[in-house]
Amino acid sequence: MSSFPILSAIWFTPFLAGLLVIALVPGSRIQLIKWISLIASGASLLLTLMLCLRFDYGNGGALQFKETHNLIPGLGVDYRLGVDGMSLVMVALNALILFCGVLASWGAKHRAKEFFVLLLLLGGSVFGVFESFDLFVFFVFYEIAVLPMYLLIGIWGTGPKEYSAMKLTLMLMGGSAFILVGMLALYFAAAPHLGGHGTFDIFRIASVSHLLDPSFQKIWYPIMFLGFGALGALWPLHTWSPDGHASAPTAVSMLHAGVLMKLGAYGCLRVAIFLLPAGAHYWSDALAVLCLVNVVYGSIGAAAQTDLKYVTAYSSVSHMGLVMLGLATLGGMGLNGAVLQMFAHGIMTGTFFALIGMTYSRTHTRIMSQMGGLAKVLPFLGAAYVIAGMAGLGLPGLASFPAELLVFQGAWFSSDPFMKWVAVISITSIVFTAIYVLRVIQKTFYGPVTDKHFEDLTDASFVEKIPLVILILVMLVVGRYPFPVLDTINSSVKVILTQLAGQ
């Protein structure tokens, strides 16, 4: 297996399955389409498990399973794949969410062929982003990941879906324009220090980043960070996120919040901070303020919502603010906490949106005042929602707790005194998080059954239980034993800290 291109196989399997469905399977064969999608996502998950088993954790800061092929030699564009500890964790997250998202969509009937094809293309392109270490290829996968969202929300969404899809696409494409210009600036700025030959190789650019003019870094760092931050729902570029979450179908919400938003935070760390360390130091306080607004505003916004999807959408804004805050600390604890929070939030939010979709398919409402007492008729879904809710408020023993603790500690123990104030204010979000989580659980699942029609509802089916059990087990295992995941992440974070220390 040493010569087997496992990374290419992981991202190409969903792509190939989507192409086969388009070319060979008629739209009327809905069950066949679902099974092809499940087998493809399951194959990517199995390949990812093999990747995790064969990964050299003692050397997690170095790229492993490298694949390199020249694409445009004259421009320094290469098909360059690899994984280090951080990208390995993110690939595993995407594999889990994609597989569970296909299962959660098992009841889909409307234009199922197109839906599952776009879902597979979305999942495959996200794999490509996490595996790419050439900026050009990275950007291509990044754009492919964003574009299917317009159709997935615009066709299969609910509510003002056309507005939400267009708003999401326009804002994220605006962020992509910033990213593209910043990548080209890095390409041309690094070329004189690389013998006059331009390259998009992330590690080659990083090797000369200390030679880049500090004023250049101060100008381009906020452009790159805000460009990626748009997808990470960084305030004030977050407004697409609640509408997009609320209008998206279940599996799309799971991938959207569970994985797609992580591409923004991952890009901030892998590209902006790693390649522009002097700019990162210069702008850290200003960006920490934006992240602080995310954390507090998102939690207050979630507490004010009456629609279950909007509650989780604003919750995602708050939790992604914690990710961005961890990045802004530029310290070991903060960066480790940020990446672990990406993973924990992806699992937790994927569970939330799966549960909301399953509940909505039975009650045909997401308004909390129209619900109540559902735990009596939907005991499995009610118990799963309580566990996910406890993860959302950071209960010890679940995956979010060590992640959030590291982010808050990273800000408090930062050498920058300003960060201590940021830490103190951001911790207030815990109170609002507890309020909206407990309020949702109480109003939706406890008390008397408010609608007599709900008494005839059936609990989760066997197929629906599978993704929920998988995601909840991951939350419990990582919450109880976070150190294997943290050690894997930390091996990559050390490389970034070395880069930052050079400035």
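Are Asp243 and Lys167 buried or exposed? Select the two residues: both Asp243 and Lys167 are buried. This tour starts with that pair and then goes through other places in the structure, which is a predicted model.

**Stop 1**

Keep Asp243 and Lys167 selected and display their side chains. They form a salt bridge in which the closest N and O atoms are 3.1 Å apart. Side chains of opposite charge can pair when their charged atoms come close.

**Stop 2: Arg362 and Glu464**

Next, select Arg362 and Glu464. Their side chains meet in a salt bridge, with 2.6 Å from N to O. This pair links distant parts of the chain, with Arg362 in helix H14 (residues 332-363) and Glu464 in helix H20 (residues 462-480), 102 residues apart. Arg362 counts as buried because its relative accessible area is 14%, under the 20% cut-off. Glu464 is also buried, at 16% relative accessibility.

**Stop 3: Asp84 and Arg270**

Move to Asp84 and Arg270. Here the side chains meet in a salt bridge of 2.8 Å, N to O. The two residues are 186 residues apart: Asp84 sits in the loop between S2 and helix H3 (85-104), and Arg270 in helix H11 (residues 250-275). Asp84 is buried, with a relative accessible area of 2%, and Arg270 is buried at 3%.

How many salt bridges does the structure hold? There are seven. To see a network of salt bridges, select Asp78, Arg80 and Asp201, which are linked in this way.

**Stop 4: the largest pocket**

Now select Ala104, Pro249, Thr250, Gly357 and Ser361. Of the 26 residues that line the largest pocket, these lie nearest its centre. The space in this pocket is about 580 Å³. Colour H3, H11, H14 and H20, the elements that give two or more residues to the lining of the largest pocket. Which of them supplies the largest share of that lining? H14 does, with six residues.

**Stop 5: the largest cavity**

Cavities are the next topic. A search of the whole structure finds two cavities of 30 Å³ or more, and the largest cavity has a volume of about 90 Å³. To find the largest cavity, select Val311, Thr312, Ser315, His319, Phe352, Tyr385, Gly392, Tyr436, Val437 and Val440, which line it. Helix H13 (308-329), helix H16 (379-392) and helix H19 (429-445) are the elements that give two or more residues to this lining. The largest share comes from H13, with four residues.

**Stop 6**

Switch to a surface view and select Leu71, Ile72, Leu75, Phe136 and Val140. Together they make a nonpolar surface patch of about 400 Å². Strand S1 (64-72) and helix H5 (135-146) each supply at least two residues of the patch. Leu75 is found in the loop between S1 and strand S2 (77-83). Leu75 is partly exposed because its relative accessible area, 45%, falls between the cut-offs of 20% and 50%.

**Stop 7: a residue in a loop**

Select Ser414, in the loop between helix H17 (400-412) and helix H18 (417-427). At 12% relative accessibility, Ser414 is buried. What is Ser414 in contact with, leaving aside its neighbours within four places in sequence? Those contacts are Thr329, Met419 and Lys420.

**Stop 8: backbone details**

Finish with the backbone. Select Trp235 and Pro236, where the peptide bond from Trp235 to Pro236 is cis, with omega near 5°. Pro236 is in the loop between helix H9 (214-231) and H10.

Then go to Phe65, in strand S1. Phi of Phe65 is near 55°, which is a positive value in a residue other than glycine. His364 also has a positive phi, near 60°. Look for His364 in the loop between H14 and helix H15 (374-377). With a relative accessible area of 60%, His364 is exposed.

Key. Residues numbered from 1 in each chain as written. Predicted model: local features only at pLDDT ≥ 70, side-chain atom pairs only at ≥ 80, totals over all residues. Heavy atoms only, no water. Patch = residues over 30% accessible without salt bridge, like charges linked within 9 Å, V, L, I, M, F, W, Y side chains within 5 Å. Areas by Shrake-Rupley, 256 points an atom, 1.4 Å probe, with all protein chains shown as cover. Salt bridge = Lys/Arg side-chain N within 4 Å of Asp/Glu carboxyl O. Buried < 20%, exposed > 50% of the residue type's maximum accessible area, 1.4 Å probe, protein only. Contact = heavy atoms within 4.5 Å. 1 Å grid on protein atoms, 1.4 Å probe; cavity = no way out; pocket = protein on both sides within 12 Å on 5 of 7 lines; lining within 4 Å. Points joined across faces, edges and corners; volume = space filled by probe spheres on them.
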